[in-house]
Amino acid sequence: IQPLAHVESEDFTNKTLTSSDEEDHNEAPTEAKRSKKGDAAVDDSNVLYHPVKLSRSDLYRPPTAEELNQLKEAESLFHCNLLKMQMEELLKEVALSERRKKLIDSFVQRVTKLLEAVPETAEVEISDLSWLSGSAKVPFLLLPQVTKGKFHMAPPSSVDPIGSYPLGTCIKPHVVVDLAVTIPANVLHPKDVVNQRYPRKRALYLAGLAQYLASFSDLGPMRYSCLHGNRLRPVLLLIPPGKDSRSSFTVRLHACPPPGFFKPSRFHPLRNNIRTEWYTGLQTSNSEGIEPPTPHYNSSILGDLLPKAHLQFLSAVSSQCPAFADGVALLKVWLRQRELHQGAGCFNGFLASMLLAYLLITHRISNTMTAYQLLKYNIFVAKDPDSSAPSLAEFHSAFQVVFVDPSGHLNMCADMTACTYKQLQHEASVSMQFWDDPTVDGFYSLLMTPKPMIRTSDHVFQLCELVKLQSSCKKLNLLSELMDHSGDYIHTTLPLILSLLQQGLGQRIQLLTHSLCPDPEWSVSNEPPKYKTQPPISFGLLLRPELATSVLERGPPADSPKAAEFRQLWGSRSELRRFQDGAITEAVLWEGESMCQKRLIPKQIITHVLKLHADIPESCLRYVGATVDDVIKKGSEVPSTGEEESLVVVQAFDDLSRKLWALEDLPLSITSVQGAHPALRYTQVKFSVLFSHLLICHMEGSGKWPHDRFAIRHIRAAFHIRMGELLKKHHNYSYKPCPTHLDVWKDGLAFRIQVAYHREPQVLRESLTAEGMLVVRDNEEAQALEMATIHKPLLTSTLHGLQQQNPCFGAVCRLAKRWLAAQLFSDDITEDTADLLVASLFLQPAPFTPPGSPQVGFLRFLCLLSTFDWRNNPLVVNLNNQLTGTDYTEIKNAFMASRESLPVMFIATPKDTKQSMWTKRAPSIQMLQRVMVVAAESLKVLELQLMDGTQIQDVRVVLRPPLDAYDALIHMNTNQVPLLCHAVDPPGVNFKRGVITGNAKASSGVLPVIDYNPVSLYLTELRDAFGDLALFFCDPFGGTVIAVLWKPKAFIKAPFKTSQASARSVEVTGDEAKTFPNVSAILEDFRILGKGLVKSVEAKTEKWSF
C-alpha cells in the first residue's frame, strides 16, 4: 500500500556471531566436491574425509557446467567470489545446527505434553482472581478494574508451532520458538471483543498455564513478556533448565482463540469495541453510532486469529522459492543491526517474511533468485487483496503505515509510526548508494557494521519521566486514542509528539527517528510493570548541515492565510520582522552567536514546541547532541569550539598571502603560497599566540639557483631577509628572519614563512662518488623536506576544501586529536594521520551518512580506530574522489603482496598509494594495539554515559589516561606548562606568565616569543639521552605528567663495553663483566635534566630493578 524501499542489512558484531552454543559447530564433516574416478560408493554417515590427491589430468580438467554457472553467478551478482563466500558463511553462522533443533523439538514435545494435561477449574467472574495462587500473577494491567464475563481454565484445544521455527527462518543468536495455545471455545464468548474481555481472558489463561507449569522441575524459570511491546498481547516465556539455557533458546506461548471464532468484520478499523462509558466510568449521552473507532485495539485482537493462516501462507510461498529462508535470514540480520527488529512498532522477522512473500506472489522477484538478490530487490509494496475487506482509504484513515495481510483484514504495521517507516526508507536509500560501489566493502558495511542510534544520528535527546505524558494526553485531548491503546499513554502520545517535532524542525533535519520501546519482561510471580517504568524514549536527528544552524525561522508574509498557522505553532516566539528585501513576514529568532551555540538551536526548538503544545517541561528532556563538545569548548561569555578562531587564522593567512604575492622587489617571483598548518584546514586543537602557523612560499625556477645544497640554504636565508624587509616597509609588520624561516607578526598571530625551491629535494638526493660519478639515492632529509614543502601543503588545501563541504569536519578533528593527546598517543598518531582518519569518515561513511555533528563524528572515529582490520586491509582515503574501483583493487593487491614491509597502519591517498608516508614512522605494532584497546574502551564508556542518564555524567573520563600501565611518572611544575589552561582538568587558579598586554592584534612593535615550549624541549632532551632505554609520553595540551615506559630489551644484561657504559651498572661474575641500566641513577638524571621544570619523579614499578 505504501512504497518502501528497504534493502540494507546490518551486521552482527563478532561477539554476536559467536555467542551461540559451541556445539553448533560440531557438524558432520563436509564431503569433498570431487572424488576420484572409480571410487566405490560408501556410506557417507561415518566416513572421515581427508584431502583428495588429484591426478594431473583431474587437476587441470575443464570446469563442469555447474561450476561455470557458479562462476557466472558470482561475476554477475557479486563484486567478487569473496563476497559470495562471505554471504554463504554468514548464513551458515546464523543457521540453527541439527543438534540444537533436536533439543528444541524435544523440549517443545515435553511442553506440549504438559499443556495437554492442564486441569479444568470452576467458572468464575473475570474480575475474580481467587483461583490463582501467589505463584502466578495476571500479565495485564486491569484498568478499568471490572468488566463483564465468565472465565474458567480448561486444557487447550491444540498446541501448534507457529512463526519462524516451523517455517525454517529462525536464526541465531536469540532463538525464539513460538507455540500457539488455542483457548477452548467454551472459555470464550463471541462478544468478548468488547471492553477488553478477550484480552483479559487471554491473560488469565496464560496465568493459569504459568501456575500449572510452575510445579514441574524440568522447566526453567518462567517469565512474562509482551509481543512486540503490545500490552494487549502478553506471552509466556519458557526456557529449558540449566545454567546456559537462556542463551540456548526460548519457547514463547501465545494464547489464541479458535480459528474463525470471531468474525473479522468486527475488527474493521473504523469500528468501536471499547465503550467510552465503560472506560471512563462516567455516564455519557453517546450512542453506539458515535463512539470513536478503536483500530489499534481491533488489530491487536485480530492478530491472534491469524497466525496459523499466516504460517500456511508463508509455507506455501517458501516451498516455491529455495532461497526464501536465506533471504529472510539476511533481512533479519539487517534489521537487527539497525535496531529495528524488536519493540513496539518494529519491522520484525514476520514482516520481513511477509514482504518477501508479497514480492514473490506479485512476481516482483523470481522464485529462482538467490538470497543475495532477494535482499537486494526487497521493495516493500502492499495492496488490498480482498474487496470485502476494509478499503485503502479506511486503513489509511486509522493507521500511519499500512501493510495488509493475505486475508485483507489485518494491517500488520498497525503499531508502526511514520517515522519508523521513513527510517526504513532512508536505510534502504543509503544501502543502495553503496551496494554495488566497488570502492566500498559492501559485505562489511551492509551486514557487519552495527548502527546504534547514538552513532547514526547527529543529535540525540531523550524523553524522561514518561509519567508526565499523561498531562500531554489531556493537553492534546487524546481520550479516544487513549482508549484505543488501552491506557498506554506513551504510545498514544508518541505519534503526536513526532508530528510536533517534525513541524518544528522542518527543513533543518533530513530524518527524525525514535527508539522502539523494548518488550518488557517480568517474573510470573510479579505484577506487570507500569507504563512509567519503561526506559526513556530516545529520539535521533539527522541534520541538514546547511540549515540546521540557522538562527532565523522565516515564516509566511503577515497577510498570508498561513501566518495564523505559523503563529499557532510558535506561540509567543513568533513576531513580525522587516527584512532587507522589504518583505514583512512572521519570523522566529533563536539565540546563538558562536557555532557551538548554533548547533544547539534544534534543542531550543524541541524544548519550546514540546512545552507549548504537549505540556512537557524542559526538565523531562535530556539532550545529549553536543555533550562531548565541552571537551574542546572554551570561553565563558561566548563559548566556542574553535570554528571562529580557525576562521580568523584563515582570513589572516589569505590577507598575508595576497600581500606576499604583491611583493615586487624580489629577485625571483613567488609561484605559490600554501598553508601547511592544521589551523589552515580548521583542525587545530588549541589556539595560542605562543605558536606560529607555517606557510610554504615557493619561488620560481631559474638557472640562477645553485646546485649545491648549502648554497641553496644561503639563498633561501637571503629571501627570508628580503621578504621581512619588504613586509616591514610596505605593511609595517614585525618580523624576525632566520636561516630556515621568517617569522612575521600580523593581527595578533605569528606566521612562519618558509621559502621552498622545487628542485631542492632532488639536490639532496644527489651526491658525487670518489670517482666523480653522480649518484641519486633517496634519504630521510630529502623525504622530510618533500613532506614539509609539497605533501603537507597539498593535504592542507585538500582538507580545507573538505571543511567547506562538511562544516563539522574541523570540530571532529579537534575532538579526535584532543583524545589522542590526552591518552598520550599524539606522538604515535600524528596530527596529519588523525586528520586523514577523520577525513575517511566523511569521504566513505558507509553504511552511515557523513557526520553532521562533532559528537557523532568523534564516536565513529573511536569505532574506526578500534574495529578496523589494520593487519589485512589498507585504509583508503579517497581525497577529491580521484580513485576509481580499479585503483582500489590495485592498492589492495599491492598491499597484500608487500604487507610485511609496510607500516602497521597503512593509509593510502591518491598521491600516496604504495608507501603510506603519513604512518611510515609511527605507530609501532605495540602502540597501535594499545590505541585500539583504549579506543574500544573509551567508545564503550562514552556511549553508555550518553545514552544512560543514571550514569555519572562526566565525558572527560575518556580523556584521562590510565597511568598505572607506566613504569615511572615525571611530574612538572604547573607554572612552567604553557598550555595549562587547555588541560583536561585545568586548575582553578591558572598561573600565567609572559602574557601580551595592550593591543595584541597590532602588527607592529616587538615580536613576542614564539614556539617556546619548555615541556617539548625537555621531552626532546629525554628522548635524545635515554631513547634507547625508555619511551616517553606526554599530553602536549596542558599535560603536567610525562609517562615513562622502559624498553624490555634494554634491560637484558650485556657484556661490558666502555662505549656503552652510560647510565649502566656493572655486575662482575667470575671473569665476566656485564652491564644493566641503573634505574635509580636514570631517575635522578630525569630530575637534573629538568631542574626548575620537574616537580618530582615517581617510580611506579620495581620490575626492572636488579
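Modeller: Let us start with Ala323, which has a relative accessibility of 9% and therefore counts as buried, since the cut-off for that word is under 20%. Please keep in mind that this is a predicted model.

Biologist: Where does Ala323 lie?

Modeller: Ala323 belongs to the loop between helix H10 (307-318) and helix H11 (324-337). Its C-alpha atom is separated by 6.9 Å from that of Met369, although the two residues are 46 residues apart along the chain.

Biologist: Is Thr456 buried or exposed?

Modeller: Thr456 is buried, because its relative accessible area is 17% and the limit is 20%. This residue lies in helix H17 (residues 453-456), and its side chain reaches the backbone oxygen of Lys451 at 3.3 Å. If neighbours within four places in sequence are set aside, Thr456 is in contact with Lys451, Leu542, Phe848, Val856 and Arg860.

Biologist: How do the axes of helix H29 and helix H31 cross?

Modeller: For a pair of helices one looks at the angle between the axes, and here the axes of H29 (residues 809-822) and H31 (residues 854-867) come within 8 Å and cross at roughly 50°. That angle makes H29 oblique to H31, and the crossing is right-handed.

Biologist: Which residues make the contact?

Modeller: Among them are Leu815 and Trp819 of H29, together with Phe858 and Phe861 of H31. Sorted by class, the contact of H29 with H31 has 11 nonpolar, 2 polar and no charged residues.

Notes: Residues are numbered from 1 along each chain as its sequence is written. This is a predicted model: local features need pLDDT of at least 70, side-chain atom pairs count only at pLDDT 80 or more; totals for chains, interfaces and linings use all residues. Side-chain values use heavy atoms; hydrogens and water are left out. Helices (H or I, at least four residues) and strands (E, at least two) are DSSP runs, numbered from the N terminus. Buried means under 20% relative accessible area, exposed over 50%, partly exposed in between (1.4 Å probe, protein chains only). A polar contact is a pair of N or O atoms within 3.5 Å; within protein, one must be able to donate a hydrogen and the other to accept it, and residues adjacent in sequence count only if both atoms are side-chain atoms. Contact means heavy atoms within 4.5 Å. Axes are lines fitted to C-alpha atoms, for helices over the stretch in contact, and angles run from 0 to 180 degrees between N-to-C directions. Angles under 35 degrees count as roughly parallel, over 145 as roughly antiparallel, 65 to 115 as roughly perpendicular and the rest as oblique. A crossing is left-handed if the near helix is turned anticlockwise from the far one by less than a right angle, and right-handed if clockwise. Ala, Val, Leu, Ile, Met, Phe, Trp, Tyr, Cys and Pro count as nonpolar, Asp, Glu, Lys and Arg as charged, and the others, Gly among them, as polar.
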